[in-house]
Amino acid sequence: MEDEQFRQLQGIVLKSQMLSALLHNWEKVALPDSWLAAGAIAQTVWNHRFGFPPADGINDIDIVYFDVSDLSEDAEAEHAARIRRAFSDLPVWIDVKNEARVHLWYEAKLGYPIKPYTSTTDAIATFPTTATAVGLRPRNGSFDLCAPFGLSDLLGGIVRPNKRQIRREICEQKVSRWVKVWPNLNVVGWLEGG
């Protein structure tokens, strides 16, 4: 079933002109341990599931990478600017984050400290819901998949909290926006799951 779910995910993602343009030109990203991750993948799947155009409701695309050799904010910003220029024809903001430096700013932004991640896949495993804890990247004509919670929730339109790191109020803020755009999502409450 997992292989079938992976094929289903690939098919949905490749039908998105926005995501397929990015993935087919991944060499322009040129960052270590880089992945297309989180919301843009999940939201593309939700659009497919609920019969919306592939880019509906997608505000940004997350590209995450892992580079311990340069933890500076400036380097991250330079990579982000370069990638936005390379994909300037895409109609959304491209958010580029070095997951190796998240622990340096997390407490100031979200109110509590976290331990440094050990890899990009380690970071993806902390994303706020099981459906958004997903990453793809091209490799040898196919894709690598990072889905620490599997693909059932994502493909099933189920939003379940991933309590590994996120706090309830932050998770609920995200879900509140999503259900306005995708009202048929099956939301598992904070106290029910995760």
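How do the residues of the lining of the largest pocket divide into nonpolar, polar and charged? There are 12 nonpolar, six polar and eight charged. Nonpolar covers Ala, Val, Leu, Ile, Met, Phe, Trp, Tyr, Cys and Pro; charged covers Asp, Glu, Lys and Arg; the others, Gly among them, count as polar.

This is a predicted model: local features need pLDDT of at least 70, side-chain atom pairs count only at pLDDT 80 or more, and totals for chains, interfaces and linings use all residues. Residues are numbered from 1 along each chain as its sequence is written, and side-chain values use heavy atoms, without hydrogens and water.

**Largest pocket**
- The lining has 26 residues, with A38, D62, D95, P128 and K174 nearest the centre.
- A pocket is an open set of points on a 1 Å grid over the protein atoms alone, where a 1.4 Å probe fits, with protein on both sides within 12 Å along at least five of seven lines; lining residues have an atom within 4 Å of a point.
- α5 gives the largest share of the lining, five residues.

**D62**
- D62 sits in strand β2.
- D62 counts as buried because its relative accessibility is 16%, and buried means under 20% relative accessible area (1.4 Å probe, protein chains only).
- Beyond neighbours within four places in sequence, D62 contacts W35, L36, A37, A38, G39 and D95; contact means heavy atoms within 4.5 Å.

**Strands β4 and β5**
- β4 (residues 135-139) and β5 (residues 142-146) run antiparallel, joined by five bridges.
- Strands are DSSP runs (E, at least two residues), and helices are H or I runs of at least four, numbered from the N terminus.
- R137 has D144 in β5 as its bridge partner.

Notes. Pairing = 2+ DSSP bridges. Buried < 20%, exposed > 50% of the residue type's maximum accessible area, 1.4 Å probe, protein only.
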